[in-house]
Amino acid sequence: MIKFRQCIFPVGQGGFSMGFLTKTDHNNVDRILYNYVYDCGSIDLSELNRELAQVEELLMKDNLLINTVFISHLDADHINGFDKLCKIINGNIKSIILPYIDSKEQLYLIAVALSENKLSESYFQFITDTNKWIKDRAPKAKIFKLRAKKNIEQPFPSFEDNSFRSEDSDIIVQPEDSKVIVQIEGFEKKLNEENQETTYSHIAQKLVSSDFKEPLLFLLTYVPFQTNDKLSSFGKCLKKSYPNFDINELKNILKNSKSRRALKKCYSSLSRDHNAISMNLLVKTLKPTRLISELPYLDRFYIDDLHIILDCYYHHYHFENPEYNASFLFTGDAKLSVKKYYNQWVKFLDNYLRDITFCTLPHHGSEFSFNKDMVNKLPNAFFIAQASTDNKYKHPSESVIEFITKEERRYFHHVNQYNTSRIDLTYKLYT
């Protein structure tokens with residue numbers, strides 16, 4: 001039996017998710033064929049450490065390996081658990097996919113951390129020399145960096161179109177083993193002039209069974225095109241404050257309190273409007289599935305007795321529809337409230353949005369990142385916010401929750417810092 005399992009962990013104000021494709025062996029033991037992580041961080045470190053403690057058990061101890069780590073963006077509350085994750089699995093990661101950031105974006109992220117008094121030495125190293133930081137912890141990992149095209153001309157082909165490959169894609173196929181074939185394709189391969197790094201516009205992965213050569217799972221990344229208007233203003237402010245600025249001199253700047261204040265001032269001029277580079281991840285089973293585990297208690301919902309069954313005693317619910325292709329969309333901190341970003345997002349993912357069954361709300365459910373059109377564009381989606389309760393940012397926004405749940409058959413769940421809010425779904429794939 002082939003199973004797909006998706007966990008969204010209650011780490012409070014942050015994000016940490018894992019997915020698994022498993023096969024039940026002749027001893028009735030589930031063996032991992034492929035797994036992935038999407039973000040691993042939180043402001044609430046005790047909750048993050050509690051959930052990280054389960055990773056070894058989830059990986060079944062005899063297979064401490066992660067096939068792919070997806071890092072949506074480089075904010076500390078999405079990556080500060082990566083170091084501990086690497087220690088748990090002894091750095092055994094096959095590939096890491098994350099957005100490319102230029103020198104201005106590096107400075108912006110450092111300014112954010114500095115303004116919030118969260119600039120650790122490790123985070124500083126991660127931002128200023130990401131490749132070295134990763135290789136020190138996961139030496140065998142292949143690193144793929146994404147930099148979006150300015151304009152999305154057409155949707156990414158649906159898998160059923162049989163046009164998965166494009167002429168300008170750079171094909172990378174991981175060696176076949178006895179478990180599963182993982183094909184990774186990087187599209188729009190480019191060499192960046194700033195530092196000669198290779199980047200891709202997006203990455204697509206297809207998982208095929210080694211036994212019967214049938215596709216099982218599809219993963220697709222999306223990053224928005226980054227406009228440099230606000231960052232250019234940030235750069236001008238830096239130049240005014242530091243006429244002879246060089247990124248290599250950043251450590252010296254941070255040692256001086258007057259210089260640090262100037263950096264904070266430059267950050268404060270654009271922080272509210274800046275659109276973070278945040279990678280989305282789409283995960284879709286390519287075979288019909290049946291949910292064989294319970295879902296958590298519904299926080300808010302419009303209930304229709306024909307659509308769901310609610311067990312009030314155990315506070316669980318499940319969908320009545322027995323078979324469908326499970327599909328998850330993780331949005332990180334994408335600023336979908338901005339029309340031009342939202343339109344590009346819709347255009348790229350248009351062949352997949354209608355089938356999304358679970359979608360994390362952008363930026364922990366903030367009203368400043370949410371787009372109301374999402375609700376109709378994802379007609380079958382169950383929306384999830386990852387945030388601690390009573391956080392100072394007031395995430396998720398009450399206006400967002402009310403807008404979602406006022407509609408018929410629309411559901412919302414808050415994954416917070418408590419164990420009871422965890423999402424842990426297991427599906428049987430019909431192969």
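Predicted model: local features only at pLDDT ≥ 70, side-chain atom pairs only at ≥ 80, totals over all residues.
**Ground rules.** I number residues from 1 along each chain as its sequence is written. I keep local features at pLDDT of at least 70 and side-chain atom pairs at pLDDT 80 or more, while totals for chains, interfaces and linings use all residues, and side-chain values use heavy atoms, without hydrogens and water.

**Helix pair.** I looked up α5 (residues 103-115) and α6 (residues 121-128). Helices here are DSSP runs of H or I, at least four residues, and strands are runs of E, at least two. The two axes lie 9 Å apart, at an angle of about 165 degrees. α5 and α6 are therefore roughly antiparallel (the label for angles over 145 degrees). I listed the contact (heavy atoms within 4.5 Å): Q106, L109, I110 and A113 of α5 meet Y123, F124, I127 and T128 of α6.

**Salt bridges.** I found 10 in the structure. Each is a side-chain nitrogen of Lys or Arg within 4 Å of a carboxyl oxygen of Asp or Glu.

K3 pairs with D30, with the closest N and O atoms 3.2 Å apart. K3 sits in strand β1 and D30 in strand β3, so the pair ties together parts 27 residues apart in sequence. I checked burial (buried is under 20% relative accessible area, exposed over 50%, partly exposed in between, with a 1.4 Å probe and protein chains only). K3 is buried at 17%; D30 is partly exposed at 23%.

R5 bridges to D424 at 2.7 Å. R5 is partly exposed at 27%, and D424 is partly exposed at 25%.

R422 meets E51, also in a salt bridge, at 2.7 Å, N to O. Shared partners join R50, E51 and R422 into one network. E51 is buried, at 0% relative accessibility.

Key: Axes fitted to C-alpha atoms, helices over the stretch in contact; angles between N-to-C directions. Parallel < 35°, antiparallel > 145°, perpendicular 65-115°, else oblique.
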